[in-house]
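Hi,

Here is the structure I promised to pass on to you. Have a look at it first, and then read my notes below.

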Amino acid sequence: MTWIDKLERRFGRYAIHGLAKWIVILYAAGFLILYMAPGVYETFFRLDARLILQGQIWRIFTFLLEPPTTSVIFLIFALYFYWMLGSMLENVWGAFRFNLFYFSGVIGTVLGAILAYLITGRVYYMDTTYINLAIFLAFAFEFPDMQFLLMFIIPIKVKWLGYLDALLLLVTFVQGGIGVKISIGIAMLNFIVFFVSKISRRGYTPKQIHRKMKYKKAVRSGAAAGQKNGARHRCAVCGRTELDDDTLEFRYCSKCNGNYEYCQDHLFTHKHIQ
């Protein structure tokens, strides 16, 4: 069990489900603010470490409103793109892990801005640009063979775009100033730490792998334990299925001795069956 597993076990119930949707909503709201009152964002919302230390704590949160572009057309594509990436990663990782990946990048960026100011005495304005690029790298890591249409014409696998993204980040890091170096360094450190943990988590025992394969086969054949009324998932504690509530998430517990699946409310609180 990795440290992320331990955190998920304890705090997983507090994760924000559909986080990508809220990220997109914040960007859209920030764009409207920039469009309707251009000076308001820089005056009150920007991530300014000096003003944060003077008591303007809200800037820790409001800097998340800064949109990735000021062009309406590009913003529409960017918001759809970020929503798609975030939603797919959340579906693969689960809500808690995607929350952890995103918010650790946000917290790291805020702390980096404050430390840079305390050390140098200068204010370095940072935003979520490199957090978003780290999300794209994570997506490329998880879905390397998925194809995008470059310029809506040329099909290209995501892994090649991921390599290009990493190269551009490296060049930007070398050529950028202190603020850029800190932002990229934090985003990439978050990416590396998270995926080292994820890779080490894949070290299942042969017995766990066998149980997992048997369970997946049972689900595909429609013979999973507890299946009823056409439901594919059923919580071994409360008996709820996805037919009872389509927002429920179900996860397989590798520590239980058998094919047991639990809903999000009981995944971390159930007693392991041995």
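Before the helix pairs, a word on angles: an axis is a line fitted to C-alpha atoms, for helices over the stretch in contact, and angles run from 0 to 180 degrees between N-to-C directions. Helices (H or I, at least four residues) and strands (E, at least two) are DSSP runs, numbered from the N terminus. With that in hand, helix α2 (residues 19-36) packs against α7 at an angle of about 35 degrees, and their axes are 10 Å apart.

Two notes on where this comes from. The model is predicted, so local features need pLDDT of at least 70 and side-chain atom pairs count only at pLDDT 80 or more, while totals for chains, interfaces and linings use all residues. Residues are numbered from 1 along each chain as its sequence is written, and side-chain values use heavy atoms, with hydrogens and water left out.

Now the overall picture. The chain has 11 helices and four strands. Of its 274 residues, 40% are buried (under 20% relative accessible area; exposed is over 50%, partly exposed in between, with a 1.4 Å probe and protein chains only). Take the contacts (heavy atoms within 4.5 Å) between residues at least 6 apart in sequence: 62% of them join residues at least 24 apart.

Back to α2 and α7. Which residues meet there? Leu19, Ala20 and Ile23 come from α2, and Phe98, Asn99, Tyr102 and Phe103 from α7. By class, that makes six nonpolar, one polar and no charged residues. Here Ala, Val, Leu, Ile, Met, Phe, Trp, Tyr, Cys and Pro count as nonpolar, Asp, Glu, Lys and Arg as charged, and the others, Gly among them, as polar.

Next, look at α6 (residues 72-93) and α7 (residues 95-120), whose axes come within 6 Å and cross at roughly 125 degrees. The two helices are therefore oblique to each other (under 35 degrees is roughly parallel, over 145 roughly antiparallel, 65 to 115 roughly perpendicular, and the rest oblique). On the α6 side the contact uses Gly86, Leu89, Glu90 and Trp93, and on the α7 side Ala95, Arg97, Phe98 and Phe101. That contact has five nonpolar, one polar and two charged residues.

How far does each helix reach? The expected span is 1.5 Å times one less than the number of residues. α7, with 26 residues, reaches 37 Å from first C-alpha to last, close to the expected 38 Å. Gly94 follows α6 and has a positive phi, near 100 degrees; just after α7, Gly121 also has a positive phi, of about 80 degrees.

Is Thr109 buried or exposed? This residue of α7 is buried, at 2% relative accessible area. Apart from neighbours within four places in sequence, Thr109 touches Leu47, Phe63, Met126, Asp127, Ile131 and Ile186.

Finally, the record. An unreviewed UniProt entry places "transmembrane region" at several spans, among them residues 20-41 and 95-118; such annotations may be inferred rather than shown by experiment. In the model, residues 95-118 are 100% helix and 0% strand, with end C-alpha atoms 34 Å apart. Residues 20-41 are 95% helix and 0% strand, and their end C-alpha atoms lie 22 Å apart.

Cheers
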